[in-house]
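Here is a short note for a colleague opening this model for the first time. Please keep the structure in view and work through the points in order.

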Amino acid sequence: MTTGQHRAAHPESDPQGEEPLPTLAEQMADQLGGWRGLVESSIPVVVFVLANIIGDLRPAVIASVAVALVIAGLRLAQRRPVRHAVNGLFGIAVGAAIAWRTGDERDFYLPGILYGIGYGLALLVSAAIRQPLVGWIWSVLVAKGRSEWRDDPRLVRTFTGLTVLWGVVWLAKVGVQAGLYLAHQDTALGVARLALGYPPYVLLLLITVWTVRRVTRESESEALPGDRTAPAPPGG
């Protein structure tokens, strides 16, 4: 999501002087790394789950890390963005190191579970103190650091509600994984990691982008007729 970002975060600006917002699909693709990014980030986990079912823990760890390294290397060689590949490689490497050290395959998923709990709680706390984390993430990733949404009560409410939604969903999905972890359901935990990974994330991202775009355009349309908010008082 890199085009027309000032308009997305700055409803008061003149729409005729701004580039049009990128399509919903373009914004989604940028945040997810496209379909290739989705597939590439999932491959190491799939390799670990399958290799661990077929063989032992250590070959599964080696295979998953090797695949993650190959994917990152290919992206570098092709001069493609490596943000998603590096993030995936880091997560795989940390989980693999812990599982290798403890000898327990379920520990491969422990960093992701702990991260999910922390992220979910951070989202809810930020909403409670009226500093919605989704709004600030939007400012960084979409609005190039601009935060004019803080001056629009409607957008503040929107981002607060979206932040609560993200937090609840995040804690729910990580709760399922934590339950399987504690029950020593290793194979089911691997399947849950895949099933509860990108599908909920894609849905939440879709809801967020659609909602913010709708609210922003409503604010713009209300400000346009007759430019009722434009005239400044004398001396202003």
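**Notes on the helices and their contacts**

1. Start with a loop residue. His184 is found in the loop between α8 and α9. The model is a predicted one. His184 is not a glycine, yet its phi is positive, at about 60°. Is His184 buried or partly exposed? His184 has a relative accessible area of 48%, so it counts as partly exposed.

2. Arg130 sits in the loop between α6 and α7. Arg130 also has a positive phi, about 60°, without being a glycine. Its relative accessibility is 42%, and therefore Arg130 is partly exposed.

3. Now step back to the whole chain. How many helices and strands does the protein have? The secondary structure comes to 10 helices and 0 strands. Along the sequence the pattern reads α-α-α-α-α-α-α-α-α-α. The protein has 236 residues, and buried residues make up 38% of them.

4. Sequence separation comes next. Take the contacts between residues at least 6 apart in sequence. Of these, 70% join residues at least 24 apart.

5. Turn to the pair α6 and α8. Helix α6 covers residues 110-128, and helix α8 covers residues 153-182. Their axes come within 8 Å and cross at roughly 155°. Angles over 145 degrees count as roughly antiparallel, so α6 is roughly antiparallel to α8. The crossing of α6 past α8 is left-handed.

6. Which residues make the contact of α6 with α8? On the α6 side they include Leu110, Gly112, Ile113, Gly116, Ile117, Tyr119 and Gly120. Also on that side are Leu121, Leu123, Leu124, Ser126 and Ala127. On the α8 side they include Thr160, Thr163, Val164, Trp166, Gly167 and Val168. Trp170, Leu171, Val174, Gln177, Ala178 and Tyr181 of α8 take part too. By class, the contact of α6 with α8 has 16 nonpolar residues, 8 polar and no charged.

7. Compare the pair α7 and α8. The axes of α7 and α8 come within 7 Å and cross at roughly 105°. The two helices are therefore roughly perpendicular to each other. From α7, the contact uses Leu133, Val134, Gly135 and Trp138. From α8, it uses Phe159, Leu162, Thr163 and Trp166. The residues of the contact of α7 with α8 divide into 6 nonpolar, 2 polar and no charged.

8. Stay with α7. Its buried residues are Val134, Gly135, Trp138 and Ser139. Why do the buried residues of α7 line one face of the helix? Seen down the axis of α7, they fall within an arc of 145°, so they line one face.

9. Ser139 belongs to helix α7, residues 133-141. Its relative accessible area is 2%, so Ser139 is buried. Ser139 and Trp149 are 10 residues apart in sequence. In space, their C-alpha atoms are 8.5 Å apart.

10. Move on to α9, residues 186-195. Asp186, Leu189, Gly190 and Ala192 are its buried residues. Viewed down the axis of α9, these buried residues fall within an arc of 165°, so they line one face of the helix.

11. Return to α8 for Gln177. Gln177 is placed in helix α8. Its relative accessibility is 7%, so Gln177 counts as buried. Which residues does Gln177 contact, leaving aside its neighbours within four places in sequence? They are Ile113, Leu189, Ala192, Arg193 and Leu196. Ile113 is one of the α6 residues that meet α8. Leu189 and Ala192 are among the buried residues of α9.

12. Finish in α10, residues 198-223, where Thr211 lies. Thr211 counts as buried because its relative accessibility is 12%, and the cut-off is under 20%. Not counting residues up to four places away in sequence, Thr211 touches Thr158 and Leu162. Leu162 is also one of the α8 residues in the contact with α7.

Conventions
Residues are numbered from 1 along each chain as its sequence is written. This is a predicted model: local features need pLDDT of at least 70, side-chain atom pairs count only at pLDDT 80 or more; totals for chains, interfaces and linings use all residues. Side-chain values use heavy atoms; hydrogens and water are left out. Axes are lines fitted to C-alpha atoms, for helices over the stretch in contact, and angles run from 0 to 180 degrees between N-to-C directions. Helices (H or I, at least four residues) and strands (E, at least two) are DSSP runs, numbered from the N terminus. Angles under 35 degrees count as roughly parallel, over 145 as roughly antiparallel, 65 to 115 as roughly perpendicular and the rest as oblique. A crossing is left-handed if the near helix is turned anticlockwise from the far one by less than a right angle, and right-handed if clockwise. Contact means heavy atoms within 4.5 Å. Ala, Val, Leu, Ile, Met, Phe, Trp, Tyr, Cys and Pro count as nonpolar, Asp, Glu, Lys and Arg as charged, and the others, Gly among them, as polar. Buried means under 20% relative accessible area, exposed over 50%, partly exposed in between (1.4 Å probe, protein chains only). The arc is that of the directions from the helix axis to the C-beta atoms.
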